[in-house]
There are 2 protein chains.
Amino acid sequence: MKQVAALAGVSLSTVSRVVNEDPKVRADLAARVRDAVGALGYRHNVSASALRRADGLSASVGIIVEDVSNPFFSAVQRGIEEIARERGVLTLAGSSDEQPERERQLAEAFGARGVDGLIIVPASNDHGFLLRDRAAGVAVVFVDRPGRFIDADCVLTDNAGGARQAVEHLIAGGHRRIAFLGDRPTIHTAAGRLRGYEEAHARHGIAVHPALVRHTLTHSMDAYDATRELLLGEAPPTAIFTSQNLITIDAVRALHELGLQHAIGLVGFDDVVLGDVVEPGLTVVAQDPVELGRRAAVLLFARIDGDDGPSQEVVIPARLVRRGSGELAPAS
Amino acid sequence: MKQVAALAGVSLSTVSRVVNEDPKVRADLAARVRDAVGALGYRHNVSASALRRADGLSASVGIIVEDVSNPFFSAVQRGIEEIARERGVLTLAGSSDEQPERERQLAEAFGARGVDGLIIVPASNDHGFLLRDRAAGVAVVFVDRPGRFIDADCVLTDNAGGARQAVEHLIAGGHRRIAFLGDRPTIHTAAGRLRGYEEAHARHGIAVHPALVRHTLTHSMDAYDATRELLLGEAPPTAIFTSQNLITIDAVRALHELGLQHAIGLVGFDDVVLGDVVEPGLTVVAQDPVELGRRAAVLLFARIDGDDGPSQEVVIPARLVRRGSGELAPAS
DNA sequence: CTGAAAGCGCTTACAG
DNA sequence: CTGAAAGCGCTTACAG
């Protein structure tokens, strides 16, 4: 910037004003500065700028998801990026891998880079550590799951409602022995979906069979193994509700290998690529992850712009998509 | 930091040294500083630090891919993150949407935030604009496709070799009329895969039928429509080579809707979720996108660490995975 | 080993 | 409208 000022024959202040598009600069001076910028290949240093500027904004936000390569979360990330892009805001992204410690480290690292806000898919069960960041002026919005021990905006899918819908759909089809395959029950979404599963049973006066409820299917083949065990064991279910995209994929794989895909009902939470092509087609309760991301970003930028109203909880409904696997009648 | 110094009763210099883990600070002073840091909830400002520090490093790198929500690119991003994480380096990510202008803007925006390096999936056909960033000390590595008009490291899949393998596999199965469904031919990967398709034909003395070669299938239903047109037209192909994940998915969908999935051979470039469950299973030439990302990151950090050897081109082979769709004999 | 001072690249009252 | 000066939060020679 110093060089630009020298070449243009103006002061640093003037260069700064031109770079920041202050309209009060005389046209000919501005033109000279812009020429110098071009000639020198000057690059504005946003970090240095943020250091001194009144609002302290760095025009960047941090995103913490469970795993950037999970299609669900990468779609959330994409939704955030779309809104951020309109404002010229950049996104930093990191994967917590569902580890509280890693989540904390990422939040801290983002904070240390001066992000204006943080959009977080919670991994830990205490987000008190974010209070400090917020006190330092960092906006915080949670997405997919609410934060804990902190009052902040969040954008959620109606997990219980979606799961209830899925399971009631199976019940309406005549199923009475419906298995539940879930992630760690400590995860908010997993808990909500389990609740929906139970509510659906309760509404129809059907008992939940504890042996059919399987949790903590977190690793690559867990749900595959659980599906096999359930189906090959005694008193197998006539239908399965898989409560998450990766679990659905594993279960479908197991069903196909056992040749039971036309015999056992299946509804999954989250849509899955090729879900319409597999036979039978996959009946799912679909979320809209891009929309989840967009809404979270809108909320975040409202806070960055100074909105200090009470915190909001946005709930987005899930949509039942019938494709065949959920419309199979029980064998008996 | 000033407050920390005051509370600990030491100078700013000492606080800075402790924060940067300089071992030459007396233990009791260091302890006092750390206590003060804890008590005050002090957060280190990495941007301000980078401004003054000798190496000028911000411990962040920028990633530009076509679309962060495409499973292929999100896996690349994940691979980069894994390597970056080991070094405590953060990743900024953005989608170019295959638009040169957008790619340039992202690179500039990342540069303005002082990233130490850039990993780019090229969208434009002239990366001369990066020369300026590089002169300013920003390392550059390309991934998936090479950059143009700039001498830089890149990590590529063997596109021509993989495509050749795929098409020769179909030829070995008896196919002579093999369609090619591709992205914009200006994209390096698409061009390489087309070349492999042509080479496979040439090696076996088979003529390529221009009517079976379809390009620029960039939008959501393009490949679906193209598949229908080819199959419902006169002189349809007996097999299809789809040169990219999204195109494969569209083509499979069209095949299934036409009920031709067991009649028409198919090999796709890129693996696809549920590709083993669909019937017939999808034969693909699989890339390893996570590895692509990892290798690119390793190369980038070597440059950041000062490696100024000649630029490298790393080529990773693609792997044929037989699952059924590529082993279908031609109908005639 | 520690501290006072200069300065990284920038913005912003404050005069003029 | 423009410029000189102070200062954002930090690091780093330089003395001591």
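Analyst: **Helix H6(B) and its surroundings**

The buried residues of H6(B) pack against strand E2 (90-95) of chain A, and also against strand E1 (60-65), E2, strand E3 (117-120) and helix H7 (130-135) of chain B. Buried means that 20 or more other C-beta atoms lie within 10 Å of a residue's own; with 12 or fewer it is exposed, in between it is partly exposed, and C-beta atoms are placed from the backbone. Two residues are in contact if their C-beta atoms, placed from the backbone, lie within 7 Å. Helices (H or I, at least four residues) and strands (E, at least two) are DSSP runs, numbered from the N terminus.

This is a predicted model, in which local features need pLDDT of at least 70 and side-chain atom pairs count only at pLDDT 80 or more, while totals for chains, interfaces and linings use all residues. Residues are numbered from 1 along each chain as its sequence is written, and chains are lettered from A and ligands numbered from 1 in the order in which they are written.

The buried residues of H6(B) are Glu103(B), Leu106(B), Ala107(B), Ala109(B), Phe110(B) and Gly111(B). An α-helix has 3.6 residues a turn, so residues three or four places apart point the same way. H6(B) has 13 residues, and its first and last C-alpha atoms are 18 Å apart, close to the expected 18 Å. The expected span is 1.5 Å times one less than the number of residues. After H6(B) comes Gly114(B), with a positive phi near 75°.

H6(B) also belongs to the contact between the two protein chains. That contact takes 42 residues from chain A and 42 residues from chain B. On the chain B side, at least two residues each come from H4, helix H5 (71-86), strand E2 (90-95), helix H6 (100-112) and helix H11 (245-258). This side of chain B has 20 nonpolar, 14 polar and 8 charged residues. Here Ala, Val, Leu, Ile, Met, Phe, Trp, Tyr, Cys and Pro count as nonpolar, Asp, Glu, Lys and Arg as charged, and the others, Gly among them, as polar.

How are the two chains related?

H5(A) reaches 23 Å from its first C-alpha to its last, close to the 22 Å expected.

Now the nonpolar cores. Such a core is a set of buried Ala, Val, Leu, Ile, Met, Phe, Trp, Tyr and Cys residues joined through C-beta atoms within 7 Å. The largest has 86 residues, of which Ile119(A), Val141(A), Ile119(B) and Val141(B) touch the most other members. Another core, of 84 residues, lies apart from it and includes Ala163(A) and Phe180(B).

Last, the DNA. A residue is near a strand if its C-beta atom, placed from the backbone, lies within 6 Å of it. Around DNA strand C there are 26 residues, and Met1(A), Ser16(A), Ser11(B), Arg26(B) and Arg52(B) come nearest. H2(A) gives the most to this surface, with 5 residues. DNA strand D is also surrounded by 26 residues, the closest being Ser11(A), Arg26(A), Arg52(A), Met1(B) and Ser16(B). At this surface, H2(B) gives the most, with 5 residues.
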